[in-house]
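Here is a friendly tour of one protein model. Please have a look at the sequence and the structure before reading on.

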Amino acid sequence: MMQTDVKAGHRDSSGVVYVGRTRVKGYQLASGGTAGEIQFWDNATTNSGTEAITVNITINTAVISTLIPGEGVLFQNGVYVVLPANAAVTVFYG
């Protein structure tokens, strides 16, 4: 099994988490009291191309932690996240 160092990137607004090929291994989400979708795009600059992960969140303010099984989800170009107002995400990748 191949191992890589796991790193973390945090966003409290939509934007780039990482530029380049990587695998998303997990994430922690905080809705900030806003319902909506958090989208993870395989793109290093904007929310277009391949939408790799979509997570629906409610107005519940509990933090959601998810570990992705196996080697994680492959992002060929980079990781760009789209967040609803007041939401935040920490992405674990490597």
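This is a predicted model: local features need pLDDT of at least 70, side-chain atom pairs count only at pLDDT 80 or more; totals for chains, interfaces and linings use all residues.

Residues are numbered from 1 along each chain as its sequence is written, and side-chain values use heavy atoms, with hydrogens and water left out.

**Overall fold**

The protein has 9 strands and 0 helices; helices (H or I, at least four residues) and strands (E, at least two) are DSSP runs, numbered from the N terminus. Read from the N terminus, the elements run β-β-β-β-β-β-β-β-β. Along the principal axes, the C-alpha atoms fill a box of roughly 40 × 25 × 15 Å. The radius of gyration is 12 Å, which agrees with the value near 12 Å for a compact globule of 94 residues; the radius is taken over C-alpha atoms, and the globule rule is 2.2 Å times the number of residues to the power 0.38.

Of the 94 residues, 39% count as buried, where buried means under 20% relative accessible area, exposed over 50% and partly exposed in between (1.4 Å probe, protein chains only). Among contacts (heavy atoms within 4.5 Å) between residues at least 6 apart in sequence, 80% join residues at least 24 apart.

**The core**

Which residues touch the most other members of the largest nonpolar core? They are F40, V81 and V89, in a core of 18 residues. Strands β3 (22-30), β4 (36-42), β5 (50-57), β8 (78-82) and β9 (88-93) each supply at least two residues of this core. A nonpolar core here is a set of buried Ala, Val, Leu, Ile, Met, Phe, Trp, Tyr and Cys residues joined through side-chain atoms within 4.5 Å.

**The largest pocket**

The largest pocket has a volume of about 190 Å³. Its lining has 14 residues, and T4, R21, T22, R23 and G94 lie nearest the centre. The largest share of that lining, 3 residues, comes from β3. A pocket is an open set of points on a 1 Å grid over the protein atoms alone, where a 1.4 Å probe fits, with protein on both sides within 12 Å along at least five of seven lines; lining residues have an atom within 4 Å of a point. The volume is the space filled by probe spheres set on the points, which are joined across faces, edges and corners.

**Single residues**

Strand β3 also holds K25. K25 is buried, because its relative accessible area is 18%. By contrast, N86 sits in the loop between β8 and β9 and counts as exposed at 59% relative accessibility. The phi of N86 is near 70 degrees, a positive value in a residue other than glycine. D12, in the loop between β1 and β2 (15-19), also counts as exposed at 59% relative accessibility. A8 lies in strand β1 (residues 7-11).

| Residue | Residues in contact (heavy atoms within 4.5 Å) |
|---|---|
| V81 | R11, S14, G15, V17, Q39, F40, V89 and V91 |
| K25 | T4, T66, L67, I68, E71, F92, Y93 and G94 |
| A8 | T90, V91, F92 and Y93 |
| D12 | L83, A87 and A88 |

Two C-alpha to C-alpha distances complete the picture. A8 and A52 are 18 Å apart in space and 44 residues apart in sequence.

Conventions
Lists of a residue's contacts leave out its neighbours within four places in sequence.
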